[in-house]
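The tour begins at a single residue and then widens to the whole chain.

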Amino acid sequence: MSQDRISSGKTTVYFHLPGLFEFYELYKRFLPLFFEHREYFYEWCGIGSIYGAPAGCIWGGGRVGEGDQNPGEVLALLEKYGISARLTFSNSLLREEHLADRKCNALCAMFEKSGKTKNGVIVHSELLLEYLKKKYPGLYFVSSTTKVLTDFDRFTEEIDREEFRYAVPDFRLNKALDQWDTLSERQKAKVEFLCNECCFYGCRDRKRCYEAVSRKNLGEDGPDHCCTAPGAGEGYRFSRAMKNPGFIGAEEIRSVYLPMGFSDFKIEGRGLGSALVLEFLLYYMTRPGYQIHVREEMYLDNMLDLF
């Protein structure tokens, strides 16, 4: 872990962005803007990583991977800008026989050997974690939010584990500010908050939902998870996520969490459309007066019809 992540007086927030494979074309246009037109973006924000998994990865979790972009092109893009790439391999139902999967192993080998910037894996399964530690020691590891760690003491145990560079708590711990403030600087440097979760705050089926996704990625039969939470039929809406008690807004990040010593924030969105992910990038990272500039550079022209 770099020294600036464990020093007091932090001045930079690092966002961890969704869709490493799924939204390659989006980032191919957005990253040049971010690095060449810094005046468009808040001076206090940076990009810590981009995460995701291609289609057909049995180690995948959280969402069913849909990206089909060439991994070499994905890595080349991130290497160009010195951004860490993370594989989302958070399947919670892996067994010993799954560890030999050729596609997932090939991706780990490629990510381990790639460039100067260290790449990582987001994991849930202890079995997979132990395998990856031995097989690919050049990767770093992130404890997945799919573990649904809602107990603060249990989560503290997670960030104290040496094998994890970061750990993502369940979003329902986000506002436990008095408890978060008890952590040491080193502990705070390992916390990565999930900002924009739209899931019902009182949901009791979050683990079962993730397990259903894990089964699908394994190609196994099992009960589908049908969400019955309020508003589930509408799908993800950012306006509703903003009303979630666990939502962390851009100004709150800058004025509350950053002064407390927290600098890492995850934005979800792998299963959404690229237009909505762009709205996340505009809201969290772009100065309001320059959002139209980013839209014009990304897609908006004077002949675009919506209807």
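Select Ser263: with a relative accessibility of 1%, this residue counts as buried (under 20% relative accessible area, with a 1.4 Å probe and protein chains only). The model is predicted, so local features need pLDDT of at least 70 and side-chain atom pairs count only at pLDDT 80 or more, whereas totals for chains, interfaces and linings use all residues. Residues are numbered from 1 along each chain as its sequence is written, and side-chain values use heavy atoms, without hydrogens and water.

Then display the side chain of Asp264, with which the side chain of Ser263 makes a polar contact at 3.2 Å. Such a contact is a pair of N or O atoms within 3.5 Å, one able to donate a hydrogen and the other to accept it; for residues adjacent in sequence, both must be side-chain atoms.

The C-alpha trace spans about 55 × 45 × 45 Å along its principal axes. Colouring by burial instead, buried residues make up 55% of the 307 residues.

Finally, display contacts (heavy atoms within 4.5 Å). Of those between residues at least 6 apart in sequence, 77% join residues at least 24 apart.

Technical notes
Buried < 20%, exposed > 50% of the residue type's maximum accessible area, 1.4 Å probe, protein only.
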